[in-house]
Amino acid sequence: MHPFTVLFLIAFSFISVSALAPYKYKTLVAPIVKDPKTSLYSITLNSRENYVIDINAPLSWRLCQNPGYPASPVSCFAPQCYQARSILSGMCPPANNIWMKNGQCHCIVTPVNPVAKSCALARLTSGNPTLSWTNGKNPTGVAKLNKTYFSCAPNTLFKSLPQGVTGLAALSRAPLAFSSQLAPSNLGVAKKFAICLPSTNRAPGVTFFGDGPYNFGHYIPTEFDAAKILSYTPLVKKSNSVEYYIGVKGISINEKASKFLPNAFAFDSYGNGGVKLSTLVPYTVLRSDIYKTFLNDFSKATKNIPRAKNVSPFGLCVKASALGWSRVGLMAPLVEFELGNGAKWGMIGAHSMKEVGNDVACLAFVDGGKTAKEAVVIGSYQMENNLLQFDLAASRLGFGSLTARRSSCTSFNFTAV
């Protein structure tokens with residue numbers, strides 16, 4: 001069992017018997033744990049069940065053979081069945097909606113493992129997951145959400161996922177993703193969620209469903225509301241997609257803009273291109289034309305730093321001690337993504353460089369090839385120790401570095417009050 005799970009079980013058992021009035025608070029909270037082997041992140045629900053986070057998946061799924069967490073099948077004629085079947089995966093065989101049991105027609109859907117690129121035919125079900133209310137500083141009581149929809153999944157769908165996970169948590173724009181279902185408007189929860197991915201498996205990060213405050217431990221003062229440090233940019237909608245994209249106009253290094261081809265980051269007439277966010281891709285991936293320019297400019301900005309032998313999958317590695325360290329990490333050139341609305345997503349050395357050992361640090365961006373589907377996929381390493389708020393109602397992304405403020409995603413206080 002993950003060491004934090006024991007701590008969370010203690011806290012959870014406490015708040016189960018001392019829960020405050022159920023609707024006093026309007027934000028839900030749950031821990032995020034990082035798997036050191038796969039570098040995937042999971043949200044903890046039902047006090048001990050881990051679900052791999054995929055912010056672009058349309059439908060959550062779980063192993064339904066757990067008698068302690070019964071799952072109720074959904075009728076073929078339920079509106080949720082129509083919603084789920086509107087996003088069937090093309091990787092699966094045709095999913096005819098004719099599965100019958102005891103004279104009842106059960107809804108058949110196509111849960112997908114996006115890591116192993118596998119798919120299955122399974123029943124759409126509903127259950128009552130539990131997580132915690134929060135005042136933004138601590139968990140304050142148990143929240144049990146009725147009629148939350150997810151797909152069942154066979155054991156074969158768990159290949160390449162962290163050992164012991166229960167399933168997958170979809171946090172996309174899709175109507176049956178947990179991002180919408182775990183923000184119930186009838187309970188006053190705002191239609192937004194925030195994730196803060198931890199950079200370590202020794203302590204959890206955090207997920208919030210609803211509005212701030214989002215309080216984290218801090219050097220001075222002792223805690224701060226990370227909602228107040230967020231910058232915002234619109235989420236870009238791609239036709240027939242529930243994934244998250246943002247508009248990017250360019251990239252600069254130490255405030256010097258790199259020169260890319262016109263419309264390098266835009267969608268083309270076939271829908272390819274654009275800048276997507278992903279919690280499954282470990283490092284930000286740049287299409288080859290973008291990567292080569294970026295790598296060349298970063299190399300120029302670090303020309304006085306001794307080189308080290310490249311470590312796969314990275315294209316530039318240097319002597320870490322020659323860069324030096326500050327209180328917030330390696331003193332590397334500042335990388336800034338210039339966003340469509342004029343905002344800038346700055347990445348200091350802690351977000352742009354990966355220390356790989358033996359006094360070696362590598363530029364944590366990789367070449368996606370000439371025919372990459374997206375121009376850029378912002379990966380999870382660049383998201384770690386950043387608070388990212390996905391405001392679905394306003395269709396915007398909020399972002400802010402906790403590292404730059406000498407804090408981290410593991411500094412939320414999960415001690416119940």
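How many residues apart do F294 and F298 lie in helix α4? They are 4 residues apart, about one turn of the helix. This is a predicted model, where local features need pLDDT of at least 70, side-chain atom pairs count only at pLDDT 80 or more, and totals for chains, interfaces and linings use all residues. Residues are numbered from 1 along each chain as its sequence is written, and side-chain values use heavy atoms, with hydrogens and water left out.

**Aromatic rings**

- Searching the whole structure turns up 17 aromatic pairs. To pair, rings of Phe, Tyr and Trp (its six-membered ring) need centres within 6.5 Å; planes under 30 degrees apart count as stacked, over 60 as edge-to-face and the rest as tilted.
- One of these pairs is F208 with F216: their ring centres are 6.3 Å apart and the planes sit at 85 degrees, so it goes down as edge-to-face.
- F294 and F298 make a tilted pair, because their centres are 6.2 Å apart with the planes at 45 degrees.
- Buried or exposed, what are F294 and F298? Both are buried. In this scheme, buried means under 20% relative accessible area, exposed means over 50%, and partly exposed is in between (1.4 Å probe, protein chains only).
- F208 is buried too, at 0% relative accessible area, and F216 is buried at 1%.
- Ring pairs also tie F208, Y214, F216, F412 and F414 together into a cluster.

- Helix α4 covers residues 288–301, and K300 is found in it. Helices (H or I, at least four residues) and strands (E, at least two) are DSSP runs, numbered from the N terminus.
- K300 has 53% relative accessibility, so it counts as exposed.
- On the surface, K300 gathers with K256, K259 and K303 in a patch of positive charge.
- Patches take residues with over 30% relative accessible area and no salt bridge, joining like charges within 9 Å and nonpolar side chains (Val, Leu, Ile, Met, Phe, Trp, Tyr) within 5 Å. A salt bridge is a side-chain nitrogen of Lys or Arg within 4 Å of a carboxyl oxygen of Asp or Glu.
- For charges, Lys and Arg count as positive and Asp and Glu as negative, while His and the chain ends are not counted. The charge is placed at NZ of Lys, CZ of Arg, CG of Asp or CD of Glu.
- The accessible areas come from the Shrake-Rupley method with a 1.4 Å probe, and for residues only the protein chains shown count as cover.

**Cis peptide bonds**

- G212 and P213 are joined by a cis peptide bond, with omega at about 15 degrees. You'll find P213 in the loop between β17 (205–209) and β18 (215–217).
- S312 and P313 are also joined by a cis peptide bond, with omega at about 10 degrees. P313 is in the loop between α4 and β26 (317–319).

**Positive phi angles**

- K117 isn't a glycine, yet its phi is positive, at about 55 degrees. K117 is in the loop between β9 (112–113) and β10 (118–119), and is exposed at 61% relative accessible area.
- D359 isn't a glycine either, and its phi is about 60 degrees. D359 is in the loop between β31 (353–357) and β32 (360–363), and is partly exposed at 31%.

**A contact across the chain**

- I348 is in the loop between β30 (344–347) and α6 (349–352), and is partly exposed at 21% relative accessible area.
- I348 and A404 are 56 residues apart along the chain, with 7.6 Å between their C-alpha atoms.
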